[in-house]
Amino acid sequence: MSRVTQNELKEYYAEVAEFVICSGKRKKAFMAELQNDVEAFIGENTEAGIEDVRSCFGTAESIAQSFLGNGDAAEIRKKIDIKNFLLGAVVAALLIYLAFVVISLIDVHTEAHGYMKEGMMMIKTVFFRGDII
Amino acid sequence: MLNTDNFKRGTVDLVVLNVLREKDMYGYEIVKAVQEKSGGNFELPLGTLYPVLYRFLENGYLSDRDEIVNKRLRKYYHLEEKGKDFYVKLLEEYRKISEGVNMILEGGDSK
């Protein structure tokens with residue numbers, strides 16, 4: 001029976017997933033592989049604790065550093081910047097769209113409650129009065 | 001410790017390719033093989049091994065295949081011809097540098 005609890009493992013995986021910077025697809029594959037290898041390690045080392053897991057697999061920080069050190073740090077930073085820019089653009093577009101929808105709803109509401117019609121009627125009334133005279 | 005890490009980082013590629021020459025292995029198996037072959041002097045945390053393996057896959061030095069072992073998916077890495085060529089090149093470089101460093105160190109000791 002392993003000394004490592006499922007909660008400790010979950011916490012470790014969450015830490016690693018948070019620190020590692022790479023594409024979503026790569027991260028998913030990496031996390032799956034990490035979990036399988038951790039299971040294999042625990043299976044072979046039944047007395048292993050979470051500290052043994054950290055020692056064998058590395059801390060979240062050291063793993064993240066390996067991913068960064070392995071790739072071009074500038075390239076990764078550039079990708080993150082592009083991602084942030086696209087995210088900002090999407091949020092801005094959504095806010096503009098939301099503002100447009102709100103204004104349209106206010107217009108529809110105003111019209112549905114007769115405010116616009118009343119204005120039109122007044123103009124017509126003035127016209128008719130002019131014709132009669 | 002940091003110096004040891006830096007020193008080790010340069011040799012990880014060589015060590016990983018070396019153990020994969022023997023047979024196809026999965027991540028944890030590679031770490032165990034490295035530890036065993038080095039007499040426990042070369043510890044390679046698995047977390048730091050994965051990025052190396054992924055880079056080798058991208059470069060075509062390795063290929064991978066999934067196998068189900070004990071109801072779990074296990075990824076095995078296979079050394080390709082391109083990887084073998086790269087290993088030979090790396091080994092040559094390593095020997096050259098190692099020889100040079102030894103010459104410097106031995107020269108330094110004799111004084």
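1. Start with one residue. A:Leu98 lies in helix α5 of chain A, which covers residues 73-112. Keep in mind that this is a predicted model.

2. A:Leu98 is also part of a nonpolar surface patch.

3. Now turn to the place where the two chains meet. Chain A brings 20 residues to the contact, and chain B brings 20 residues. The size of an interface is often given as the accessible area lost when the parts come together. Here chains A and B bury about 1700 Å² between them. Carbon and sulfur atoms account for 51% of that area. Which three residues of chain B supply more than any other three? They are B:Tyr28, B:Tyr50 and B:Tyr54, with 34% of the area that chain B buries against chain A.

4. Look next at the polar links across the contact. Nine residue pairs are in polar contact between chain B and chain A, both residues being at pLDDT 80 or more. The salt bridges between the two chains number two. A salt bridge joins the side chains of A:Arg26 and B:Glu58, with N to O at 3.3 Å.

5. Which elements build the side of chain B that touches chain A? At least two residues come from each of α2 (27-37), α3 (46-59) and β3 (72-79) of chain B. Helix α3(B) gives the most, with nine residues. By type, this side of chain B has 11 nonpolar, three polar and six charged residues.

6. Finally, consider salt bridges in the whole model. Over all chains the count is 12. One salt bridge within chain A pairs A:Arg54 with A:Glu15, and their closest N and O atoms are 3.0 Å apart. This pair links distant parts of the chain, 39 residues apart. A:Arg54 sits in helix α3 (residues 50-57) of chain A, while A:Glu15 sits in helix α1 (residues 6-19) of chain A.

Key. Residues numbered from 1 in each chain as written. Chains lettered and ligands numbered in written order. Predicted model: local features only at pLDDT ≥ 70, side-chain atom pairs only at ≥ 80, totals over all residues. Heavy atoms only, no water. Contact = heavy atoms within 4.5 Å. Buried area = accessible area lost by both parts, 1.4 Å probe. Salt bridge = Lys/Arg side-chain N within 4 Å of Asp/Glu carboxyl O. Polar contact = N/O pair within 3.5 Å; in protein donor to acceptor, adjacent residues only side chain to side chain. Helix = DSSP H or I, 4+ residues; strand = E, 2+ residues; numbered from the N terminus. Nonpolar A, V, L, I, M, F, W, Y, C, P; charged D, E, K, R; others polar. Patch = residues over 30% accessible without salt bridge, like charges linked within 9 Å, V, L, I, M, F, W, Y side chains within 5 Å. Areas by Shrake-Rupley, 256 points an atom, 1.4 Å probe, with all protein chains shown as cover.
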